[in-house]
Amino acid sequence: MTEPIVRLQNVNKFFGDNHVIKNLDLDIEEGEFLTLLGPSGCGKTTILRMIAGFEDATSGVITVEGEHVEDKEAFERDVNTVFQSYALFPHMTVYDNIAYGLTVKKVPKPEIKERVREMLELVQLMGFEGRRPDMMSGGQKQRVAIARALINNPKVLLLDEPLGALDLQLRKQMQIELKRLQQKLNITFVYVTHDQEEAMTMSDRIAVMRGGVIEHLATPKEIYGRPKTRFVAGFIGESNLFSGTVASVEGDRAIVDTDVGRGMMPAEDFKPGDPVHLCVRPEVMQYSTQPVDGFTISGQVKNMIFVGSQYRTLLEQPGHPDVKINRVKVDNSYREGDVLYLHWALDDVTGIRAKEDSDGE
Amino acid sequence: MANDQKYALAMSGRKPGIRGKLPVLSTTGPISIWMIIFVMLPLIYVLVISFMTRNVYGGIEPAFTFENYTTMLQPLYLKIILKSFKLAFITTVICLIVGYPMAYWIAGKPPKTAAKLLMLVMIPYWTSSLVRLYSVNLLAMPNGFLNTALMKLGIISEPLDILYSDTVVLIGLLVACLPFSVLPLYSSIEKLDKSLLEASKDLGAGPVTTFRRVTIPQTRGGIVGCIILVFIPSLGMYYVTDVLGGGKVMLIGTLIKNQFLVTKNWPFGASMAILLILITLAILLIYSKFGKMEDLEVV
């Protein structure tokens with residue numbers, strides 16, 4: 001594997017007494033689309049701002065292309081940022097905004113003109129050179145902000161919730177466009193968002209963060225299919241979680257006694273007595289009207305809802321959050337009040353080793 | 001037909017006539033009358049007498065003439081006008097140079113501290129400006145604090161003869177005007193979007209370039225406001241020259257005052273006053289133009 005383009009080693013950041021980034025290690029590979037995903041206050045924006053040079057790490061090492069940048073000012077770093085609020089210069093035209101980076105580097109005027117034209121073409125804003133930012137829509141401003149950053153040929157483009165202010169339609173369109181841009185230019189994108197769907201759509205890898213720590217760093221598929229922690233399982237998509245302990249291991253499967261009944265999961269390296277959370281996604285949760293071998297979890301049908309793209313059934317279990325079952329087609333074989341027995345395939349369940357620190361939700 | 005009925009209905013609901021105008025008259029009426037009597041009529045009076053002739057006993061002859069305006073073109077008066085502009089200009093520049101960093105520094109403080117610091121700027125402004133000017137006068141006297149201190153320190157051997165000089169008038173103008181310069185600058189710097197500064201740095205601009213290309217254009221409203229609030233008043237502050245110039249330093253404000261109160265040449269004083277008003281209007285016109293442009297940029 002080649003050397004990572006951005007590397008954070010043992011980075012800590014304090015704001016006063018507030019420990020916002022805790023011993024964080026992160027390698028960002030060249031040309032990848034990496035998303036920092038997490039709820040607000042998890043430290044994702046702080047990481048971005050430390051890479052950009054707007055915040056200093058309290059301790060730790062940050063390198064870009066193997067070069068230490070801790071003591072470099074923001075204007076000395078070969079990374080560029082697309083800001084959440086675009087931060088376009090209101091007193092300049094679109095042309096001057098995009099040209100800004102090259103102008104301050106004293107690039108010859110004809111070259112600037114050529115590069116700005118290329119950029120306008122890239123973000124499909126030809127003919128907008130003379131406009132002021134306040135005469136443009138949110139989506140157009142967004143494109144100007146991207147062009148203004150990309151014209152500098154950054155090694156890494158940092159994007160801080162760039163689509164947050166756009167409406168849903170436009171956001172989806174821009175997601176695809178950003179991904180297309182990233183693949184076309186082959187520039188490393190580091191993207192911050194709290195929108196899991198956005199992260200899933202665009203990223204090569206996602207770092208799910210909570211409380212200043214990366215809980216899980218993997219491909220979207222891996223994060224959805226095999227969440228590493230209970231928090232990740234709950235934050236990304238919908239999930240049914242059952243907490244319990246491993247009762248016994250039989251070959252490649254482990255029997256788990258949960259607080260609502262018995263279930264199964266792949267044995268992996270679990271041993272009897274290990275505390276574990278079972279995570280089963282609603283769309284692969286199976287059910288039947290008769291008990292199934294090895295499973296003793298059941299629930300009473302509370303209600304059945306049509307949510308547009310699918311039908312959702314909620315099963316009530318005393319002292320436990322409702323179990324969700326999602327199906328594309330409606331199943332008329334049961335009705336409200338019926339008791340259903342739950343089971344799942346071994347491929348569809350993830351055993352999350354229970355840890356003290358990631359349990360407190 | 002239907003439209004006619006609607007129109008009639010609207011009309012009847014509106015009740016034109018004195019009852020409809022009553023709210024307007026009762027609210028803006030008194031102040032309009034006040035403005036007409038105490039601002040507009042005197043101004044018209046000044047404008048009219050500026051075209052009249054002075055009579056021998058200090059009164060006014062109702063004989064039309066341009067002489068008052070042509071007199072201003074005499075080298076003696078041109079020199080005074082020019083000097084007034086020069087001092088007002090220097091005052092404005094110094095107020096900007098001193099006021100901008102001060103306002104920037106205050107704007108960077110947390111709101112509570114900023115409020116306290118602004119209060120400190122404003123306290124001298126609430127003190128009578130005459131009191132402040134006399135204190136400058138005391139400081140600048142040959143045996144005043146400034147000279148005593150400088151001589152004790154061995155920096156000078158003889159008292160500086162700065163009282164009743166241009167220098168001390170300039171200091172007086174600065175003392176009178178500095179608070180006015182900090183306020184508009186502060187309010188525009190405080191509104192400055194900090195992410196624009198970050199964006200500029202992010203795009204490779206150092207602090208100097210960022211200041212020149214982003215901070216100054218973005219705070220132009222405050223800079224223009226500062227220029228207006230300092231330049232215009234310092235053109236006309238005749239009491240500064242009275243207290244600190246001791247009659248030796250003649251500026252346009254003092255000249256006007258003298259024409260009215262000392263030499264009793266009202267028509268000439270009036271023509272100078274009209275000149276000052278025109279200059280003020282011209283500057284405000286420029287401001288309104290800049291102001292509009294700025295509104296466009298800020299939205």
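This report covers the domains, nonpolar cores and chain contacts of a predicted model.

## Domains of chain A

Chain A splits into domain 1 (6–230) and domain 2 (238–357). Their centres, taken over C-alpha atoms, are 39 Å apart.

Contacts link four residues of domain 1 of chain A with five residues of domain 2 of chain A. On the domain 1 side, two residues are charged, one is polar and one is nonpolar.

## Nonpolar cores

The largest nonpolar core holds 101 residues. A:I51, A:A147, A:L157, A:L158, A:V190, A:A207 and A:V208 have the most contacts inside this core. Helix 4 (residues 138–150) of chain A gives the largest share, six residues. The core lies between domain 1 (6–230) and domain 2 (238–357) of chain A, because both give residues to it.

A:L158 illustrates the packing. Neighbours within four places in sequence aside, A:L158 contacts A:L48, A:I51, A:A52, A:V79, A:N80, A:T81 and A:V190. Another core, of 49 residues, lies apart from the largest one. Among its residues are B:C95, B:L173, B:I228 and B:F231.

## Contacts between chains A and B

Across the two chains, 20 residues of chain A are in contact with 17 residues of chain B. Strand 6 (79–82) and helix 2 (94–104) of chain A each supply at least two residues of the chain A side. Helix 2 of chain A gives the most, with three residues.

By class, the side of chain A that touches chain B has ten nonpolar, six polar and four charged residues.

How values were computed
Residues numbered from 1 in each chain as written. Chains lettered and ligands numbered in written order. Predicted model: local features only at pLDDT ≥ 70, side-chain atom pairs only at ≥ 80, totals over all residues. Domains from an automatic or database assignment. Contact = placed C-beta atoms within 7 Å. Nonpolar A, V, L, I, M, F, W, Y, C, P; charged D, E, K, R; others polar. Core = buried A, V, L, I, M, F, W, Y, C linked by C-beta atoms within 7 Å. Buried ≥ 20, exposed ≤ 12 C-beta atoms within 10 Å, placed from the backbone. Helix = DSSP H or I, 4+ residues; strand = E, 2+ residues; numbered from the N terminus.
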